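Q: Hi! Could you walk me through this model? I'd like to start with the surface and then go inside.

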Amino acid sequence: MAGKVFFSVSMSLDGFMAPDSPDELMGKQWMELQHWVFPTRFFRQNLGPGPGGEEGLDNDIARSTFERTGASVMGKRMFEAGEHSWPEDPPFHSEVFVVTHERRDPWVRLGGTTFHFVDDLRVALDRAREAAGSATSGSPGVERSSWST
């Protein structure tokens, strides 16, 4: 069965999606762009800020996007931002393909998350589709792209 690709991204009306420098990734502009997800119950449960959180449409969107994801693709900048801030059990619970020219061995984490490092977007997409099987595959983060098969 041919895979269906979908792309979802947080972007401001002036076109901002990600800062120019990894040093600015958790900066004011990016935090303002992502503020909708931080208070959600799903975010709080999966990234460790603690119990509680808001229910509603934003929570439903975050939860359903992650629950249907069978594999993810992300860029090096997204990975570097999360590598030191994600909990031991990252929220993906699937294969994650990081597009980067940096050579690294796969990084196995708790909860079924394994990060694979590839240097070609087409290869990353093909491998994500294969890993996802009949589930969705996605790329969460600053640029949040999700692929379904």
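A: Happy to. The chain exposes about 8400 Å², and carbon and sulfur atoms supply 53% of that; accessible areas come from the Shrake-Rupley method with a 1.4 Å probe, and for residues only the protein chains shown count as cover. This is a predicted model, where local features need pLDDT of at least 70, side-chain atom pairs count only at pLDDT 80 or more, and totals for chains, interfaces and linings use all residues. Residues are numbered from 1 along each chain as its sequence is written, and side-chain values use heavy atoms, with hydrogens and water left out.

Q: Let's zoom in on S2. How many of its residues are buried?

A: Seven of the seven, so S2 is largely enclosed by the rest of the structure.

Q: How do S2 and S3 run, parallel or antiparallel?

A: S2 and S3 run parallel, joined by five bridges; strands count as paired if DSSP finds at least two bridges between them. Serine 72 stands opposite valine 96 in S3.

Q: Which residues does valine 96 touch, leaving aside neighbours within four places in sequence?

A: Valine 96 is in contact (heavy atoms within 4.5 Å) with Ser72, Met74, Thr113, Thr114, Phe115 and His116.

Q: Now H4. Which of its residues are buried?

A: In H4, residues 76–83, these are Met78, Phe79, Ala81 and Gly82. Down the axis of H4, they fall within an arc of 165 degrees, so they line one face of the helix; the arc is that of the directions from the helix axis to the C-beta atoms. They pack against S2 (69–75), S3 (95–99), S4 (107–108) and S5 (114–118).

Q: Last one: which residues touch the most other members of the largest nonpolar core?

A: Of its 14 residues, Met74, Phe79, Trp86, Phe92, Val96, Val98 and Phe115 do. Such a core is a set of buried Ala, Val, Leu, Ile, Met, Phe, Trp, Tyr and Cys residues joined through side-chain atoms within 4.5 Å. A second, separate core of eight residues includes Phe97, Val118, Leu125 and Ala128.

Notes
Buried < 20%, exposed > 50% of the residue type's maximum accessible area, 1.4 Å probe, protein only. Helix = DSSP H or I, 4+ residues; strand = E, 2+ residues; numbered from the N terminus.
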